[in-house]
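Here's a walk through some side-chain contacts, from ring pairs to charged pairs to a helix packing. Keep the model open while you read.

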Amino acid sequence: MGNTAAFFDIDGTIYREGLITEVFKKIIKYELVDEVKWYREVKPAFVKWDKRQGDYDTYLLKMVDIYIEAIKGINKYHIDYIAKKVIEQKGDRVYTFTRERIKWHKEQGHAVIAISGSPIELVREMSAKYNMDDYRGSIYLLDKENNYTGDIIPMWDSESKEKAIKELSEKYNIDLSKSYAYGDTSGDFTMFKSVGIPYCINPTKELLAKVMENDEVREKIKVVVERKDVTYNLDINTIQFI
């Protein structure tokens with residue numbers, strides 16, 4: 001009989017925004033990259049999303065593109081230091097629901113694992129803070145001098161997350177049929193398909209649409225929305241897009 005695991009996305013699922021944005025701000029603060037990149041390229045996408053004139057997925061992908069270019073040539077030492085500082089200062093800025101779920105899963109003896117599109121340096125620090133058992137994140141590749149090359153092995157897309165779950169389930173002898181997954185964007189959809197008990201946490205419209213189109217996932221999904229100090233459990237069959 002296999003073990004039970006809980007797989008957590010981080011950005012928008014545990015952490016209330018995108019951790020990569022906080023790293024980028026620190027990179028600018030420490031003058032590792034020109035702040036013009038923020039004001040000309042990243043901030044406009046953020047403002048559109050913040051004003052609900054653009055979608056969150058577009059904003060995050062834009063953020064990733066700029067981040068890749070920004071860290072090219074920077075030594076890993078700097079990003080490791082920044083990642084530690086970001087989690088020290090921002091790591092408690094999480095949703096109450098997912099924080100309590102992590103605690104509950106640990107109490108049940110479940111394996112708690114992060115599978116996140118955030119840079120692996122951030123995922124490592126966040127996983128350590130919440131005493132997780134393992135983690136997977138996007139890997140930004142290094143040259144022989146430990147400087148970032150601009151190449152990446154992503155972990156934000158559905159294909160990568162599905163592969164990660166399969167590898168982890170073999171590593172820890174996990175019974176996926178009795179395991180859990182928590183996510184908020186379309187990249188998390190294959191995690192939902194893989195496990196028996198999936199949770200949409202403050203889901204994007206694109207993710208909800210995918211769930212509604214798939215009978216297998218729709219039958220088992222739980223939808224949770226947290227606003228201010230209230231958590232709402234929604235019935236997927238009564239949700240209407242406006």
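## Aromatic pairs

Rings of Phe, Tyr and Trp (its six-membered ring) pair if their centres lie within 6.5 Å; planes under 30 degrees apart are stacked, over 60 edge-to-face, and the rest tilted. Tyr67 sits in helix 3 (residues 56-71) and Tyr140 in strand 3 (residues 134-142), so the pair ties together parts 73 residues apart in sequence. Helices (H or I, at least four residues) and strands (E, at least two) are DSSP runs, numbered from the N terminus. Tyr140 is buried too, at 4%.

There are five aromatic pairs in the structure. Another edge-to-face one joins Trp104 and Tyr180, with centres 6.0 Å apart and planes at 75 degrees. Here Trp104 is partly exposed at 29%, whereas Tyr180 is buried at 11%. Ring pairs also link Phe8, Phe97, Tyr182 and Tyr199 into a cluster.

## About the model

This is a predicted model: local features need pLDDT of at least 70, side-chain atom pairs count only at pLDDT 80 or more, and totals for chains, interfaces and linings use all residues. Residues are numbered from 1 along each chain as its sequence is written, and side-chain values use heavy atoms, leaving out hydrogens and water.

## Salt bridges

How many salt bridges does the whole structure have? A search finds eleven, counting a side-chain nitrogen of Lys or Arg within 4 Å of a carboxyl oxygen of Asp or Glu. In one of them, Lys161 meets Asp188 at 2.5 Å, N to O. Lys161 is in helix 7 (residues 158-171) and Asp188 in the loop between strand 5 (180-183) and helix 8 (189-194), 27 residues apart. Both partners are buried.

Lys129 bridges to Asp92, with the closest N and O atoms 3.1 Å apart. Lys129 is partly exposed at 36%, and Asp92 is exposed at 55%.

## Helix 4 against helix 6

Helix 4 (residues 76-90) packs on helix 6 (residues 120-129) at about 35 degrees, with the axes 9 Å apart. Axes are lines fitted to C-alpha atoms over the stretch in contact, and angles run from 0 to 180 degrees between N-to-C directions. The contact residues (heavy atoms within 4.5 Å) include Ile79 and Ala83 of helix 4 and Leu122 and Met126 of helix 6.

Notes:
Buried < 20%, exposed > 50% of the residue type's maximum accessible area, 1.4 Å probe, protein only.
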